[in-house]
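User: I am new to this structure. Please take a close look at one part, the strands and how they pair, and walk me through it.

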Amino acid sequence: MRKAGILFHPTSLPSGAGIGTLGRSAYTFVDFLQKAGMKLWQVLPLGPTGYGDSPYQSFSTFALNPLLIDFDNLLERGWATARLIKRPSYVKAKGPVDFGAVVWWKSNALKEIAKYFLELITNPEASPSDSFDANTKADFFAFCRENQFWLKDYAAFMSIKSFYDAKAQKESEEKHCAIPGTWNVYWPETLSKHDDAAVEAWINEHTEDFLQTEVIQFFAYKQWSALHEYALSKGIQIVGDVPIFVAADSSDVWANQDLFLIDSNGKFTAVAGVPPDYFSATGQLWGNPLYNWSNMKKDGYGWWIARVKRMLSLVDYVRIDHFRGFESYWAVPYGSETAINGKWEKGPGIELFDAIKAKLGELPLIAEDLGIITDEVKALRDGAGLPGMKVLQFGFDTSEWKSGSLKNVFLPHNFETSNCVAYTGTHDNDTTQGLFESLDDENLALIASYLSGENVSIEAAKSLLKGKKLTKALVKSVFSSIADIAIVPLQDVYALKSDARMNTPSTSGANWAWRATEKQISDEKAAAWLKNLCVLYAR
């Protein structure tokens, strides 16, 4: 079945909280998707963000991001008071996300709200709100039991991390030195190595802190589940995102050290990256710990099965980022300053996907098969039966134009199969309008000619660009392609410029902060245009 959808992360929703939440505006956006004839809403990873506020560097691949919790909803449920949810003046309601301000406010407020919630479930009759449900206590503890396989370690990790981060921060200020790195650098050895007795002792000594983290995850789960259920009721399925690698500073690595390349001293031996290429002479050093695939194989890839199962309990499709790493991955010796001295190592291949399918059945997965894609990677993708990605922004090459034949695989006329997902661009690309405005005259003329089917002059191409007609034409090209699924970022629906870009890889400081306006998540004219494209191209 042919489908279309919008790529838009919940943090980009408008709200009065300084960041998008799972509250009213999220439901408004679902209504917009339905009116627009969309069947899919694609989001970025939903985990709690760590370094650089990136959803691809999460403290847990199983947990949900507390920043998405909507405070008004907690008040309506009777789980918070008006005093506890009041937004301070230093958090601006509108405009790009100021993560420093939002994290400082919401993290502290959520702890106080969680404390209040724990008091309520101990004595429900003491609630000042008629909306509080006395059955919530049973619901909360059922959630904890059902998710104990990841929640216990995550709550312990965040409690320990909070304590030793604060201690390290104080010492760094006193000694005028940098804060040490991840948990395996500055935690006590027994805790760093996840000694079971030491972890249990910590939980028993810090029970309130531990329970508060569990409560916060309960809040996030209840709100996400309600939103997901609402989306399904409107015919909208959600496409989630799973990075192939997890963050070094995460409960995932800390609690499962035997599943990663970590030596007996708790130090990483190799980390992830990509080799030198046209874009970077030294490659990209990501720094994520690499999997010990031989150890993962011993229990039939149980951790990966649990990871995919958890994601499929939250969303309907899962996009796997950096899919090529399952065939072979670039391993860089730990401590390297660049990725240039890495080497290719073989991944688990089809064996992993066979194991997951044996436990979970056929998988609604999407392979992010961009980058260095070999015949072996293609064979793995096709062997697993997964659709790959086609990003039209990557398709235009003036040298091919001069040679008389556009053969780039990202152009719709070269799609070899309908079993793929076509995009104008992704979260890592510039907006389409921003990209087009950055091009030289020759490239702009090529794109205008391709999209119009005529030989367009440079001046005519500039006129089309100024009127935002080229961006709309690229959206139309995605919808009209043979791809089973067509997805465009919300920014491209409105032909927004580069200031609406979500992420610029290998940079930090201004990423992930863009937010839409109220009009952009409910505009009737835009919805009608998208709906017409769906009708015209059977989506």
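Analyst: Two strands pair if DSSP finds at least two bridges between them. Helices (H or I, at least four residues) and strands (E, at least two) are DSSP runs, numbered from the N terminus. This is a predicted model, in which local features need pLDDT of at least 70, side-chain atom pairs count only at pLDDT 80 or more, and totals for chains, interfaces and linings use all residues. Residues are numbered from 1 along each chain as its sequence is written, and side-chain values use heavy atoms, with hydrogens and water left out.

Start with the open sheet of eight strands. Its order is β9-β6-β3-β2-β1-β12-β11-β10, and the pairing is parallel. The edge strands are β9 (365–367) and β10 (388–391), and each pairs on one side only. Neighbouring strands of this sheet are turned by 25 degrees against each other on average, direction ignored. Angles run from 0 to 180 degrees between N-to-C directions, and axes are lines fitted to C-alpha atoms, for helices over the stretch in contact.

Now look at β3, residues 237–243. Strand β2 (residues 40–42) runs parallel to β3, and three bridges join the two. Trp-41 has Ile-238 of β3 as its bridge partner. Gln-42 is partnered with Val-239 in β3. Val-239 also has a bridge partner in β6, Tyr-317. Five bridges join β3 to β6 (residues 317–321), again in parallel. How enclosed is β3 by the rest of the structure? Six of its seven residues are buried, so β3 is largely enclosed. Buried means under 20% relative accessible area, exposed over 50%, partly exposed in between (1.4 Å probe, protein chains only).

Helix α20 (residues 469–480) lies across β1 (3–7), β11 (420–423) and β12 (485–489). α20 runs at about 160 degrees to β12. Contact here means heavy atoms within 4.5 Å.

Next comes the open sheet of four strands. Its order is β5-β4-β7-β8, with antiparallel pairing. β5 (284–289) and β8 (343–346) stand at the edges with a single partner strand each, so one side of each is left without a neighbour in the sheet. The twist averages 50 degrees from one strand to the next. Three bridges join β4 (residues 270–274) to β5, and these two run antiparallel. Val-274 has Gln-284 of β5 as its bridge partner.
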